[in-house]
Protein chains: 2
Amino acid sequence: MANIKDVARQAGCGIATVSRVINKSGYVKEETRVKIEKVINELKYQPNEIARSMTRQKNHIIAFILPNSKHLFFGELLYHVEEELFDYGYKLMLCNSSEQLEKEIIYLDMLKNNRVDGVILLTNNDVEKYLNKTLPIVSFDRWFQDVPLVASDNYQGGILAAKELLDKGCKKLMFIGDDAQGDFTDVITDVSKRRLGFIDHLKSQGINDVINLEYPLQNYFVSENQFEHLLTPYPDVDGIFCISDSVAYTIIKVLKSKGKRVPEDVKVIGYDGGRSFNNLGKNITSISQEPEIIAKAIRKLLLNFDVNNSNKKIIVPVVLKKGDTT
Amino acid sequence: MANIKDVARQAGCGIATVSRVINKSGYVKEETRVKIEKVINELKYQPNEIARSMTRQKNHIIAFILPNSKHLFFGELLYHVEEELFDYGYKLMLCNSSEQLEKEIIYLDMLKNNRVDGVILLTNNDVEKYLNKTLPIVSFDRWFQDVPLVASDNYQGGILAAKELLDKGCKKLMFIGDDAQGDFTDVITDVSKRRLGFIDHLKSQGINDVINLEYPLQNYFVSENQFEHLLTPYPDVDGIFCISDSVAYTIIKVLKSKGKRVPEDVKVIGYDGGRSFNNLGKNITSISQEPEIIAKAIRKLLLNFDVNNSNKKIIVPVVLKKGDTT
DNA sequence: TTGTAAGCGTTATCAC
DNA sequence: GTGATAACGCTTACAA
């Protein structure tokens, strides 16, 4: 494979001039430029990106640390993030953490040694003390000290869900989620505002007896058994707002197994847009966040990263998408 | 950030010795080794991977070119491939092609310049002439000249589907897919063996009037309208084998809209394992391929790549997973 | 406007 | 066992 020296030799000039041509930097006489471009084509020369990274000490790669790519919302987000970065000349390195703190730590370390240009972080773990403050990092949905944040308007999502359930005449309401309200972890997740918005709005309407359920973080996979157990004490609930579509889906199955009809007996709302579960049966009514818009926000924060202004936030809007479960 | 020179200076030795210690290569006196390791810890030294890549002219990164990460099966495959590579010390670069040949070509070029260690290719496009034969490549489900292949046992999958439909008493059978049988593309996809296995088995049972439908490649997203149109001429079909779960799902919706009951009136089988569509309603009966096993096969072929033996194949087994649609 | 040369941080060769 | 030193292929002063 031809290198910059070959081009210089063939074109009868110095390598610096070739470099100037490739990078369109500095002055080059039109005549030499043409000559060099000709040689570049003949030799099919293309600059070695590793060598370029060597001088920059950056490799134009952005790493995305996330639990997995198996859940639809993550897969979607991943897709749009990659597209967005591609448009800006960056490549994406995928780092599945499987929600394990240890793996996140290993990755964070590795990424530093690899001199990636930045990291996107999506986690429920308390990685705060492992974050290298020199490396540009953007977090999604979880708040860390001095780390820029992108989140959907979780609070508003909670309000929208509350309104919908009230509209549909629900009397006995419940919130259920693993959104890390201090009982089980110290990480501050923006996601917990779904719960807050929900409860606050109901309070504002004079409803104070919301059943407020929390269960431990579970790597996003929850069993029916677990929910069965949680729901049993509340047979008269008729409206449930779930932290995610995935939870809503499981809850609906549990309700069915208990002989409840959805939405006739109990109305259920999820979060994420319902796209993952609009399949053979019902569509879930869901608070929808747009992965494409989130991806753009992340890219914006990451590529304009500034150490002195690292507490920026972008909150992306949400809407209620009516399905068949309310 | 400390570099190898700092360590050498601090330890009072040459950088070559430090290098030997880091890489556990060559002889180093126990005493010096201990001394150097001590300094490494003190300075929190970690080798710069870009510099390492510079000498190797390889960066320990494997790229995965695939249509997208939004479809569950792709998301799953991606997840397991990343895990598998991680275990072997490689990182994964995600390259969404959105099924566009142009984007695949750009990526192939880019990856060459980035000196990735290898590429995993999942495409329906005819990229054959853009494949750099010096770069280790493994293809999934599509056959290219001199490119190692991993595929599920598509032919066997077809047979299993045929058997199941016959077992369940179907009389009028149909195959439907975009599996590139020459009418619309030149790429040879292993996937088309699903069709072959299905039809061959039925023939062996004396059934020769299988309705054999093909439609153009569609970036994996197909509309109900399209299928509605395709199915209309065949109102008496009572057993359909679909190229994928995604297609099966849409077909089922179309059948329902036509007033057919599944599985009472028509039985439907998908391909991929049914995991994507086991949601609020029925589970799809499906031929299941295990992404985890596929990931291992890909890793094996890729990391043991040998130019002189580039026509290796690994066929991974499939099973029929009974759902509610047959 | 152009060329020389000094990095960038490793690994690997080759004397000692 | 160990240490100079030459690659690896580029960018970027600095000099001309």
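**Close-up views of a predicted model**

View 1. F241(A) counts as buried because 34 C-beta neighbours lie inside 10 Å (buried: 20 or more other C-beta atoms within 10 Å of its own, with C-beta atoms placed from the backbone). This is a predicted model, in which local features need pLDDT of at least 70 and side-chain atom pairs count only at pLDDT 80 or more, while totals for chains, interfaces and linings use all residues. Residues are numbered from 1 along each chain as its sequence is written, and chains are lettered from A and ligands numbered from 1 in the order in which they are written. F241(A) belongs to strand β10 of chain A, residues 239-242 (strands are DSSP runs of E, at least two residues, and helices runs of H or I, at least four, numbered from the N terminus).

**View 2. Contacts of F241(A).** Leaving aside residues up to four places away in sequence, F241(A) touches A161(A), L165(A), F175(A), F198(A) and I269(A) (contact: C-beta atoms, placed from the backbone, within 7 Å).

**View 3. Two chains, one axis.** Chain A can be laid on chain B with an RMSD of 0.1 Å by a turn of 180° and a shift of 0.0 Å along the axis (superposed by least squares on C-alpha atoms of residues with pLDDT of at least 70 in both). That is the relation of a two-fold axis.

Notes: Buried ≥ 20, exposed ≤ 12 C-beta atoms within 10 Å, placed from the backbone. Contact = placed C-beta atoms within 7 Å.
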